[in-house]
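Please keep the sequence and the model in view while reading.

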Amino acid sequence: MDEARPRGRRGVDATDLARVAVFAGIVAVLGLPGGFSVFGAVPITAQTLGVMLAGAILGPWLGALSMTALLTLVAAGLPLLAGGRGGATVFIGPTGGFALGWILGAFVIGLIVHAGARKPVWWRTLLGIVVGGIGAVYAIGIPVQSAVTHLPLGSTALQSLVFVPGDLIKAVIATLVVRTLVRAYPRAFRREWARTSRRRSEGARSQAVGSRPVGSGR
């Protein structure tokens, strides 16, 4: 599925799979420092920053695939979640819904950031990251936490508000990273606009070299 083209999608190639693996690894590495819990339930970690970047850079399908790959490894027993947690039992605990929400979150982020196969702009990037990386993840995580902890849904949602400021900070950081890549390394996105930007940049450099007076440069 080539998300660089609005039409005629091709199958996933080796480069796509490598990028999926890289972002799954990034999320895993961001969990190495661990996290700290609030109300004894869901830990605050940096891993959601990786989820935000996966959706915004890979796009909806590959972003969701990268999170699916990561969580499959977690279910198989690899300790890839914050604090070295792993195993199928993770998904039936208070944090299970939030982890599963990463798949939907990455997908929603990619849909909004790359809406209409257009070049990401800062406001759409931030909007997509907030809606997908926070809203979609919470939409799955809060009901699951409520069911597991036997707390009312409203109370669980109210407790979850403590995570919002930190998630908003991560959303801003992710937006800045994406904007930097758009300007400095558009090839990271593997999308049609990125190829067009590269061709224009190469054309501009060629014209600059061609128009330079003989003997004027070093």
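Q: Does Asp16 count as buried or exposed, and at what relative accessibility?
A: This is a predicted model, in which local features need pLDDT of at least 70 and side-chain atom pairs count only at pLDDT 80 or more, while totals for chains, interfaces and linings use all residues. Residues are numbered from 1 along each chain as its sequence is written, and side-chain values use heavy atoms, with hydrogens and water left out. Buried means under 20% relative accessible area, exposed over 50%, and partly exposed in between (1.4 Å probe, protein chains only). Asp16 therefore counts as buried, at a relative accessibility of 3%.

Q: Which parts of the chain does the pair of Asp16 and Arg190 tie together?
A: The side chains of Asp16 and Arg190 meet in a salt bridge, 2.8 Å from N to O; the term denotes a side-chain nitrogen of Lys or Arg within 4 Å of a carboxyl oxygen of Asp or Glu. The two residues are 174 residues apart in sequence, so the pair ties together helix H1 and the loop between H7 and H8. Helices (H or I, at least four residues) and strands (E, at least two) are DSSP runs, numbered from the N terminus.

Q: How is Arg190 classed by its relative accessible area?
A: The relative accessible area of Arg190 is 24%. Because of this value, Arg190 is partly exposed.

Q: What does Asp13 reach at the start of H1?
A: A side-chain oxygen of Asp13 is involved. This oxygen comes to within 3.1 Å of the backbone nitrogen of Thr15.

Q: What separation do the end C-alpha atoms of H1 have?
A: The expected span of a helix is 1.5 Å times one less than its number of residues. For the 17 residues of H1 the span should therefore be 24 Å. The model agrees, since the end C-alpha atoms of H1 are apart by 24 Å.

Q: What covers the buried residues of H1?
A: The buried residues of H1 are Asp16, Arg19, Val20, Phe23, Ala24, Val27 and Ala28. Their cover includes H2, H3 and H4.

Q: Which element of the protein chain has the highest mean pLDDT?
A: The predictor's confidence in each residue, from 0 to 100, is called pLDDT. The protein chain averages 86, and 81% of the residues score at least 70. Where pLDDT is low, the predicted coordinates should not be read in detail. Strand E1 (residues 36-37) has the lowest mean pLDDT among the elements, 54, and the highest, 98, belongs to H3.

Note on methods. Contact = heavy atoms within 4.5 Å. Polar contact = N/O pair within 3.5 Å; in protein donor to acceptor, adjacent residues only side chain to side chain.
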